[in-house]
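This briefing goes through one protein model by topic. It covers helix packing, the ligand shell, annotated domains and backbone exceptions.

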Amino acid sequence: MSAEAHRYAVFGHPIAHSLSPEIHGSFAAQLGIHLSYETIDAAPGDFAAAVRRFFADGGLGANVTLPHKEAAFALASEHSEAAARVGAANTLTPLVGGKLHAHNTDGSGFVRDITERHSLDLRGHDALLLGAGGAAKAVAWALLDAGVQTLTIVNRTPERADQLADAIGDPARCHTRYWDGLDGECFDLVVNATSIGVTGGSFDLPMSILQDHSTCYDLCYGAAAASFKGWATAAGARYFRDGLGMLVEQAADAFERWHGTRPDTDPVYNALRQRF
Ligand code: NDP
């Protein structure tokens with residue numbers, strides 16, 4: 001097979017900022033795999049045609065980021081359980097006959113980062129999830145799979161939190177609260193899966209929801225993690241994690257699916273950590 005045939009890409013809009021080419025390139029170099037990994041900027045109306053063209057031209061795998069994860073799911077004829085639960089995909093793999101398989105590695109990447117890199121055993125934890133968008137859905141399922149005792153979901157638009165809890169369908173463990181209805185509650189883990197750090201907004205949450213040992217985790221990283229980190233620091237959080245490790249782990253899960261080998265994520269994470 002020629003070098004050109006080993007073609008991978010990430011689709012998004014915008015996409016120039018994506019670290020995926022660098023991450024997949026580093027994994028490939030580590031394992032002696034020769035591939036090309038490009039960014040493809042596709043506006044929403046062009047996404048489906050761009051994906052079809054990419055795979056018709058020999059593409060072997062595509063990652064998908066905002067705003068196309070739900071469209072990616074809809075394009076595929078086969079879906080992993082992780083993608084089906086969320087109704088969104090970040091990993092597309094070609095099947096025979098021009099069909100596509102859709103998978104979602106956001107939840108597995110999040111849990112791997114928090115349990116393996118940060119050595120946090122989630123079993124028995126009471127977790128609070130801020131947000132009910134695409135990433136929050138993946139994280140909600142992953143937290144429950146990882147054994148949290150309870151999962152409380154709050155979202156600016158409460159109906160979306162209720163829809164997520166209804167879809168999970170485990171009222172003994174998973175329920176919703178209003179954003180301003182958390183007084184008197186305490187959590188071992190607070191996860192920010194909103195885009196407040198990118199779009200603006202404030203984390204007006206009672207500081208009393210944290211305990212001494214509580215961990216605050218922001219799916220965002222870099223400058224976008226500053227506002228949640230600011231709240232967590234003011235609330236006295238001793239443990240704050242950002243989403244850089246999740247980014248690397250979700251990429252590694254996609255890489256493993258395509259190449260059958262799991263890369264060592266630590267060197268890639270450590271190199272990126274120097275910059276973020
Ligand atoms: P979505 O657009 O699907 O969801 C955004 C969420 O943020 C919604 O719950 C929305 O609430 C909430 N929100 C937005 N603005 C505000 C505000 N001003 N106040 C309160 N809530 C607000 O985005 P995603 O779920 O795809 O992504 C969420 C974040 O996670 C992004 O910042 C993204 O970069 C990050 N992410 C990180 C990953 C990683 O690997 N580290 C992977 C995936 C995502 P409402 O329903 O009311 O609109």
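Helix axes here are lines fitted to C-alpha atoms over the stretch in contact, and the angle between two of them runs from 0 to 180 degrees between N-to-C directions. On that basis, helix H1 (residues 20–31) and H10 pack at about 55 degrees, and their axes are 10 Å apart. The model is a predicted one.

**H1 against H10**

- The contact of H1 with H10 is made up of six nonpolar and two polar residues, with no charged ones.

**H5 against H6**

- Helix H5 (residues 106–117) crosses H6 at roughly 55 degrees, and the axes come within 8 Å.
- H5 is therefore oblique to H6.
- The crossing of H5 past H6 is right-handed.
- H5 contributes Asp-106, Gly-107, Ser-108, Phe-110 and Val-111 to the contact, while H6 contributes Ala-135, Ala-138, Val-139, Trp-141 and Ala-142.
- Seven nonpolar, two polar and one charged residues make up the contact of H5 with H6.

**H5 against H10**

- The axes of H5 and H10 come within 7 Å, with a crossing angle of roughly 120 degrees.
- This angle makes H5 oblique to H10.
- H5 passes H10 in a right-handed crossing.
- From H5, the contact uses Asp-106, Ser-108, Gly-109, Phe-110, Arg-112, Asp-113 and Arg-117; from H10, it uses Gly-245, Met-246, Glu-249, Gln-250 and Asp-253.
- By class, the contact of H5 with H10 holds six charged, four polar and two nonpolar residues.

**Ligand shell**

- Which residues come nearest to the ligand? Of the 26 residues around the ligand, they are Gly-133, Ala-135, Arg-156, Gly-201 and Gly-243.
- Ala-135 also takes part in the contact that H6 makes with H5.
- Three helices each supply at least two residues of the shell: H6 (134–145), H8 (196–199) and H10 (244–259).
- H8 gives the most, with four residues.
- The shell around the ligand has twelve polar, eleven nonpolar and three charged residues.

**Annotated domains**

- An unreviewed UniProt entry annotates residues 10–92 as "domain: Shikimate dehydrogenase substrate binding N-terminal".
- That span, residues 10–92, is 42% helix and 23% strand, and its end C-alpha atoms lie 10 Å apart.
- UniProt, again in an unreviewed entry, places the feature "domain: SDH C-terminal" at residues 243–273.
- Residues 243–273 are 81% helix and 0% strand, with end C-alpha atoms 11 Å apart.

**Backbone exceptions**

- Most residues other than glycine have a negative phi, and most peptide bonds are trans.
- Pro-14 sits in the loop between strand S1 (7–12) and H1.
- Leu-66 and Pro-67 are also joined by a cis peptide bond, and omega there is about 0 degrees.
- Pro-67 is placed in the loop between strand S3 (59–64) and helix H3 (69–75).
- Ser-119 has a positive phi, near 55 degrees, although this residue is not glycine.
- The loop that holds Ser-119 runs between H5 and strand S7 (126–130).

Key: Residues are numbered from 1 along each chain as its sequence is written. This is a predicted model: local features need pLDDT of at least 70, side-chain atom pairs count only at pLDDT 80 or more; totals for chains, interfaces and linings use all residues. A residue is near a molecule or strand if its C-beta atom, placed from the backbone, lies within 6 Å of it. Ala, Val, Leu, Ile, Met, Phe, Trp, Tyr, Cys and Pro count as nonpolar, Asp, Glu, Lys and Arg as charged, and the others, Gly among them, as polar. UniProt positions are given in the numbering used here, feature names are shortened, and annotations may be inferred rather than shown by experiment. Angles under 35 degrees count as roughly parallel, over 145 as roughly antiparallel, 65 to 115 as roughly perpendicular and the rest as oblique. A crossing is left-handed if the near helix is turned anticlockwise from the far one by less than a right angle, and right-handed if clockwise. Two residues are in contact if their C-beta atoms, placed from the backbone, lie within 7 Å.
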